[in-house]
Amino acid sequence: MNYRHAFHAGNFADCMKHATLVWLLRALMRKPAPLFVLDTHAGVGRYDLDNGPAARTGEWQNGIAKLLDDPPPPLADYVGLVRSLGLYPGSPTIIGGLLRPDDRLACCELQSDDAAALRRLFAHNRQVAVHHRDAWESLGALLPPRHRRGLVLIDPPFEDPQEFAELADGLALGQPRFSTGVFAAWYPIKHRAPSRQFLTELRESGIRDIVTAEFCLREPVDPARLNGCGMLVINPPHRFEEEVPPILASLLDRLGSREAGESATVRRLVDE
């Protein structure tokens, strides 16, 4: 599976991931203490939907394009940020756009060209550090941060069938090092077996307080097609299970086509 950001920017999976990300950051910012945010698979930071790879695939037409006009209230914050930040903002741009003066962001990107583009984007922003380094290595090298509060966003490309196992291992490495932090891990849903195995591993890992938000446009039975996606969250902020379902329902209302098996769910995987 090839999930390079440039080809899929603004598609339904990006909308689900970024709308949830915005909620997580806003929830953490309800308290005044400064935050550290680590974006392990940062990409280039922003994407031109009218030219280049995103224009060739056109996936954004069935994603963010359907949300821009008169977004429903649960999506208004996310869509407003997209409009204000310019082009289509990737996760580091969204995070950077929400940082308060004492917050800090570390972005990791292994692709040399993408890391260089990210450095140019944040060249004059002292709150953001860009690292040209492996995402999984960063979970050991950059955690724990000086700040006791924060968010770790893990959004692998899932080009390798082993990436579900790497994601489970990465969470098992990073969470004990930053036990007070929130971890948010995006994953694709093509057919159920890989994501089910991943969630089983997390359930049996010994990590506490885990929820999953999943968004499917159709029954996930075709292993050659991205049918949905999920966000696994460790240490979810207060009211995640009450306030994220309306976000997913609004996305489904705008982006769904009433295919069999479409769904938007939030469920607790492991208790606190």
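Helices (H or I, at least four residues) and strands (E, at least two) are, in what follows, DSSP runs numbered from the N terminus. Good morning, colleagues. The structure before you is a predicted model, in which local features need pLDDT of at least 70 and side-chain atom pairs count only at pLDDT 80 or more, while totals for chains, interfaces and linings use all residues. Residues are numbered from 1 along each chain as its sequence is written, and side-chain values use heavy atoms, with hydrogens and water left out.

I begin with the backbone. Proline 144 lies in the loop between helix 7 and strand 6 (150-154), and the peptide bond joining leucine 143 to proline 144 is cis, with omega about 0°. Aspartate 70 has a phi of about 50° and sits in the loop between helix 3 (53-57) and helix 4 (76-85). Leucine 87, with phi near 50°, is placed in the loop between helix 4 and strand 3 (88-89).

For accessibility, buried means under 20% relative accessible area, exposed over 50%, and partly exposed in between, with a 1.4 Å probe and protein chains only. Aspartate 70 is exposed, because its relative accessibility is 65%; leucine 87 is likewise exposed, at 52%.

Next, the strands; two of them pair if DSSP finds at least two bridges between them. Strand 4 (residues 104-108) runs parallel to strand 5, with four bridges, and alanine 106 stands opposite alanine 129 of strand 5. Strand 5 (residues 128-131) has Val128 and Val130 on its covered face, and Ala129 and His131 on the uncovered one.

What of strand 9? Seven of its seven residues are buried. Gly228, Gly230, Leu232 and Ile234 point one way, and Cys229, Met231 and Val233 the other. Strand 9 pairs in the antiparallel sense with strand 7 (residues 182-189) over seven bridges, tryptophan 186 being the bridge partner of methionine 231. With strand 8, strand 9 is again antiparallel over seven bridges, and there threonine 212 partners leucine 232.

The loop between strand 8 (210-216) and strand 9 (228-234) holds leucine 217. Is that residue buried or exposed? Leucine 217 counts as buried, because its relative accessibility is 9%. Contact here means heavy atoms within 4.5 Å. Not counting residues up to four places away in sequence, leucine 217 touches Phe12, Asn227, Leu252, Leu255, Gly256, Glu259 and Glu262. Its C-alpha atom is 7.4 Å from that of serine 257, 40 residues apart along the chain.

I turn to the cysteines. A disulfide is a pair of cysteine sulfur atoms within 2.5 Å, and by this rule the count is zero. Cysteine 108 is in no disulfide either, the nearest cysteine sulfur, that of cysteine 107, being 7.6 Å away. Cysteine 15 is buried, at 0% relative accessibility, and cysteine 108 is also buried, at 0%.

Finally, the largest pocket. A pocket is an open set of points on a 1 Å grid over the protein atoms alone, where a 1.4 Å probe fits, with protein on both sides within 12 Å along at least five of seven lines; lining residues have an atom within 4 Å of a point. The lining of the largest pocket has 24 residues, with His41, Glu109, Gln111, Pro157 and Glu159 nearest its centre. Helix 1 (5-8), helix 7 (135-141) and helix 8 (163-177) each supply at least two lining residues.
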